[in-house]
Amino acid sequence: LAPMQRASHAHMSDADAVPIAQLFLLDPNIEREVVTRGVVTMLRPQLFVQDGTGAVSVTDYQSDAPLQIGNAVEVTGFVRRGDYSVSLHGAKVLSMWSHATVLPVPVSTTQAAGGAYDKQLIQTEGTLEDLHKEDGDRFVLRIQDGQQQFIAYIHNNGLTKTVENLKKGSRLRLSGICVIDAASVRGTAAFALLMRSSEDVM
């Protein structure tokens, strides 16, 4: 093994890693440093890490190497609990290996709105009601599916021609990180979807 790989494996054997879903069960009144492991599912605008039990966002972090989607990582940080999930802040991120695969979970918009999939990589469907660009940097799609409305965001990465050419009224299948917070859902939407590239739109 290369030196960094040896260090990663040694760190893994010493750490008492907590499954992500169990982080939500910790006492929110006690600040503690925890260790968890998962796979990077998104880098920007925020780092998201997912394991087989749930997902977590990571803020104010330092990493031992440049991160990519698909990196298996070990995260050490302090828990901040939200309504449906947790984030880790003041974190250190250690890369363990690359090319791990996390597939989006097919869910209905009603399931996504319920909060059980907050911060997880999902796939859902809906009809395009509106599309516009804001801040010159990202597209905002407003999607309707029955009684549920959600917003999908995709940052302009030079590969967004597919998005620009979408027609209102089109039925779309979208993949991305499901988030339920006031800043993202903008009032009337049930949840938001953070897409990683135009490949997340079908």
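## Contacts and overall make-up

Of the contacts in the protein with a separation of 6 or more, 61% are accounted for by residues 24 or more positions apart; a contact means heavy atoms within 4.5 Å. This is a predicted model, in which local features need pLDDT of at least 70 and side-chain atom pairs count only at pLDDT 80 or more, while totals for chains, interfaces and linings use all residues. Residues are numbered from 1 along each chain as its sequence is written, and side-chain values use heavy atoms, with hydrogens and water left out.

The secondary structure comprises 5 helices and 12 strands; these are DSSP runs numbered from the N terminus, helices being H or I with at least four residues and strands E with at least two. Of the 202 residues, 45% are buried, where buried means under 20% relative accessible area, exposed means over 50%, and partly exposed lies in between (1.4 Å probe, protein chains only). The protein exposes about 10,400 Å², of which carbon and sulfur atoms supply 49%; accessible areas come from the Shrake-Rupley method with a 1.4 Å probe, and for residues only the protein chains shown count as cover.

## Nonpolar cores

In soluble globular proteins, nonpolar side chains tend to be buried together. A nonpolar core is here a set of buried Ala, Val, Leu, Ile, Met, Phe, Trp, Tyr and Cys residues joined through side-chain atoms within 4.5 Å. The largest such core has 20 residues, and Leu141, Leu172 and Leu174 have the most contacts inside it. Two or more residues each are given to this core by S8, strand S9 (138-145), strand S10 (148-155), S11 and strand S12 (191-195).

Apart from its neighbours within four places in sequence, Leu172 is in contact with several residues, including Thr124, Leu128, Leu141, Ile143, Val201 and Met202. A second, separate core has 16 residues, among them Val40, Val49, Leu88 and Val93.

## Salt bridges

A salt bridge is a side-chain nitrogen of Lys or Arg within 4 Å of a carboxyl oxygen of Asp or Glu. By this rule there are 7 salt bridges. One of them joins the side chains of Arg173 and Glu125 at 3.1 Å, N to O. Arg173 belongs to strand S11 (residues 171-179) and Glu125 to strand S8 (residues 121-134), so the pair ties together parts that are 48 residues apart in sequence. Arg173 is partly exposed at 37% relative accessibility, and Glu125 is partly exposed at 31%. Both take part in a network of salt bridges that links Glu125, Asp145, Arg171 and Arg173.

Asp130 forms a salt bridge with Lys168, the closest N and O atoms being 3.6 Å apart. This pair links distant parts of the chain, with Asp130 in strand S8 and Lys168 in the loop between helix H4 (161-164) and S11, 38 residues apart. Asp130 is partly exposed at 26%, whereas Lys168 is exposed at 59%. Arg196 and Asp200 form a further salt bridge, with closest N and O atoms 3.6 Å apart; Arg196 is partly exposed at 27%, while Asp200 is buried at 8%.
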